[in-house]
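I opened this notebook to record what I looked up in the structure, entry by entry.

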Amino acid sequence: MLHVSLRQLEYVVAVGKAGSLSAASKLLSVSQPAISVAITQVEARLEAPLFIRRKGVPIIPTAFGRIFLKDAETLLNDAEQLEKPGVLSQRRQRRITLGILEELAPAWLAPVLVRLIEEYPDTEFRALELSFDTLTRAILSGQIDLGLTYDLGLDGSFDRDVLYRIAPQIWTAPDTEIATRSDITLAEIADLPLILSDQGLSIRHILGLFHTIGFNPVVKHRAASIELLRSLSANGEGYGISYTSPPGTITYDGLQVARVRISDAHAIEPIVLVSTGSQPEPVGQVRASIIDFVARRAPVSEG
């Protein structure tokens, strides 16, 4: 808590420059008693005299006062710069925090981070791998500058750029009829035992896709990770559904697993780069760099 105001500092510095209360009073268009009271209050707070005041001679700063006046003038100059119109738009942010959805992080966090570090060597970057709910809260609270996520339930509070669109996949053991297909619809798999992510928003979204077309599927397992989902599918424990589609067809437990694209148009989901509110540079430049980088590397848009 500050006990000395900027106004009091302004009075003290004016007296130090002018050499008298009367000259400072004219300079500031403030009464001499008001300036005298301010000096007394500051000296009382600091428990040290700032000026040698003798009748008929100019006011002279004490040794302590000279040090204080120099620091106070620097502080006032800084405060003056802060309130100038447009000054913040010229300042650059030295540290930028990126938030990436857990499902997207394995494919995008490291490549994006390496690109940004190379492109902006004077900026410190921090990257966080977060759940959807945590990521959106962190953006709204200002803890994260930019977020890479799905466009699930984001309202008008967020500025978003669509990077690409992706269709979900169904995972299955390779000896099933579904494994022979190039794509499949939600209606065709609505009666199968499903394996979905255990994250609340993800499972609600997938079930909502079925509800939209009039089906209420059975969820046999909830998996905490995409690799567990793939393993359960490969072992015949059901049919996994995910938007994440890691390369390769071998699960961690050494089994073959097949993937088939779900072709329903309403299931296609945008991957977006989100933020909120106006931000200092280089955040805008970093945003443009991420959009360009992801556009070059992203899978072909699904629609």
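For these entries I take a residue as exposed when its relative accessible area is over 50%, and as buried when that value is under 20%. The model I examined is a predicted one.

**Entry 1. Helix α4**

I began with helix α4, residues 63–82, and asked which of its residues are buried. They are G65, F68, L69, A72 and L76. I then viewed the helix down its axis: the buried residues fall within an arc of 105°, so they line one face of α4. On the other side of α4, I found R66, I67, K70 and D71 exposed. I also looked up what covers the buried residues, and the cover includes α1 (6–18), α3 (32–46), β1 (51–52) and β2 (60–61). Finally, I checked the length of α4: its 20 residues should span 28 Å at 1.5 Å a residue, and the end C-alpha atoms lie 30 Å apart, which agrees.

**Entry 2. The sheet**

I next traced an open sheet of 5 strands, whose order is β4-β3-β5-β13-β6 and whose pairing is mixed. Its edge strands are β4 (124–130) and β6, each of which pairs on one side only. On average, neighbouring strands of this sheet are turned by 20° against each other, direction ignored. Strand β3 (residues 95–101) and β4 run parallel and are joined by 7 bridges. Here I noted that L98 stands opposite A127 in β4.

**Entry 3. Helices on the sheet**

I then looked up the helices that lie against these strands. Helix α5 lies across β3, β4, β5 (146–150) and β6, and runs at about 175° to β4. Helix α10 (residues 283–297) also packs on the sheet, where it touches β3, β4, β5, β6 and β13 (269–275). The direction of α10 makes about 10° with that of β6.

**Entry 4. Aromatic pairs**

How many aromatic pairs does a search of the whole structure find? It finds 3. One of them joins W108 and Y164: the ring centres are 6.1 Å apart and the planes stand at 45°, so I recorded the pair as tilted. This pair links distant parts of the chain, with W108 in helix α5 (residues 105–119) and Y164 in strand β6 (residues 159–166), 56 residues apart. W108 is buried at a relative accessible area of 5%, and Y164 is buried at 7%.

I also noted Y120 and F125, whose ring centres are 6.3 Å apart and whose planes are at 65°, so this pair is edge-to-face. Y120 is buried, with 10% relative accessibility, and F125 is buried, with 13%.

Note on methods:
Residues are numbered from 1 along each chain as its sequence is written. This is a predicted model: local features need pLDDT of at least 70, side-chain atom pairs count only at pLDDT 80 or more; totals for chains, interfaces and linings use all residues. Side-chain values use heavy atoms; hydrogens and water are left out. Rings of Phe, Tyr and Trp (its six-membered ring) pair if their centres lie within 6.5 Å; planes under 30 degrees apart count as stacked, over 60 as edge-to-face and the rest as tilted. Helices (H or I, at least four residues) and strands (E, at least two) are DSSP runs, numbered from the N terminus. Buried means under 20% relative accessible area, exposed over 50%, partly exposed in between (1.4 Å probe, protein chains only). Two strands pair if DSSP finds at least two bridges between them. Axes are lines fitted to C-alpha atoms, for helices over the stretch in contact, and angles run from 0 to 180 degrees between N-to-C directions. Contact means heavy atoms within 4.5 Å. The expected span of a helix is 1.5 Å times one less than its number of residues. The arc is that of the directions from the helix axis to the C-beta atoms.
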